[in-house]
There are 2 protein chains.
Amino acid sequence: MYKVKVYVTLRESVLDPQGKAVMSSLHKMGQSEVEDVRIGKYLELTLQKGNYDLDEKIVNMCSKLLSNPVIEDYRYEVEEVVAQ
Amino acid sequence: MYKVKVYVTLRESVLDPQGKAVMSSLHKMGQSEVEDVRIGKYLELTLQKGNYDLDEKIVNMCSKLLSNPVIEDYRYEVEEVVAQ
């Protein structure tokens, strides 16, 4: 099995109102040192091994479903899991 | 400045209907090798340096606002950023 960790983040140039709201709440809690908050998604996929190109498959899934390429970037890490 | 990356994930024992929906969509796209999807949050915080305990501050923010300790776990990484 493979465990794939995907990080989806808004592009730098895109405003992040959710992050701004969280920052505002942190300031109200007294955390005045916080200068910026950006919020993204973190996905863990478990994939069966098989006769396929793993990178190609991940790029396909990320660009077609898991992220919006117009406003988001993604990166991923792959771990091989030995069946227990 | 510090750049803090926070990963918030649902605890193993908690059902993830959003993940199940994404998995179902991936299967419909023909990605039958996907066995499980879990979805979490990824946050990037930028903090000013100061006279405070960074770990204590992050734990405080994560446990009180950024995650729900009843159903979620979190982990974090800290990078020190040199002003440009």
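The paragraphs that follow go from the relation of the copies to their interface, and then to the inside of each chain.

This is a predicted model, in which local features need pLDDT of at least 70 and side-chain atom pairs count only at pLDDT 80 or more, while totals for chains, interfaces and linings use all residues. Residues are numbered from 1 along each chain as its sequence is written, chains are lettered from A and ligands numbered from 1 in the order in which they are written, and side-chain values use heavy atoms, with hydrogens and water left out.

Two copies of a chain are related by a rotation about an axis and a shift along it.

The contact between the chains, where contact means heavy atoms within 4.5 Å, draws 33 residues from chain A and 33 residues from chain B. Because 100% of the interface residues of chain A are also interface residues in chain B, the copies meet through the same surface. Together the chains bury about 3,000 Å², 60% of it on carbon and sulfur atoms, buried area being the accessible area (1.4 Å probe) that two parts lose on being put together, summed over both. Of the area that chain A buries against chain B, 20% is supplied by A:Glu33, A:Glu35 and A:Tyr42, more than by any other three residues.

Two salt bridges are found between chain A and chain B, a salt bridge being a side-chain nitrogen of Lys or Arg within 4 Å of a carboxyl oxygen of Asp or Glu; B:Glu33 forms a salt bridge with A:Lys57, with the closest N and O atoms 2.8 Å apart. On the side of chain A that touches chain B, strand 1 (2-10), helix 1 (17-28), strand 2 (34-47) and helix 2 (54-66) each supply at least two residues, and strand 2 of chain A gives the largest share, 14 residues. These elements are DSSP runs numbered from the N terminus, helices being H or I of at least four residues and strands E of at least two.

Strand 2 of chain A pairs with strand 2 (residues 34-47) of chain B in the antiparallel sense over 13 bridges, where two strands pair if DSSP finds at least two bridges between them. Within this pairing, A:Leu47 stands opposite B:Val34.

Inside chain B, strand 1 (residues 2-10) runs antiparallel to strand 2, to which seven bridges join it, and B:Val8 stands opposite B:Lys41 in strand 2. Strand 1 of chain B also pairs with strand 3 (residues 72-80) of chain B, in the antiparallel sense and over nine bridges, with B:Tyr7 opposite B:Arg75. In the loop between strand 1 and helix 1 (17-28) of chain B lies B:Val14, which touches B:Arg38 and B:Ile71, not counting residues up to four places away in sequence.

In chain A, the side chains of A:Lys5 and A:Glu79 meet in a salt bridge (3.2 Å, N to O). This pair links distant parts of the chain, A:Lys5 in strand 1 and A:Glu79 in strand 3 (residues 72-80) being 74 residues apart.
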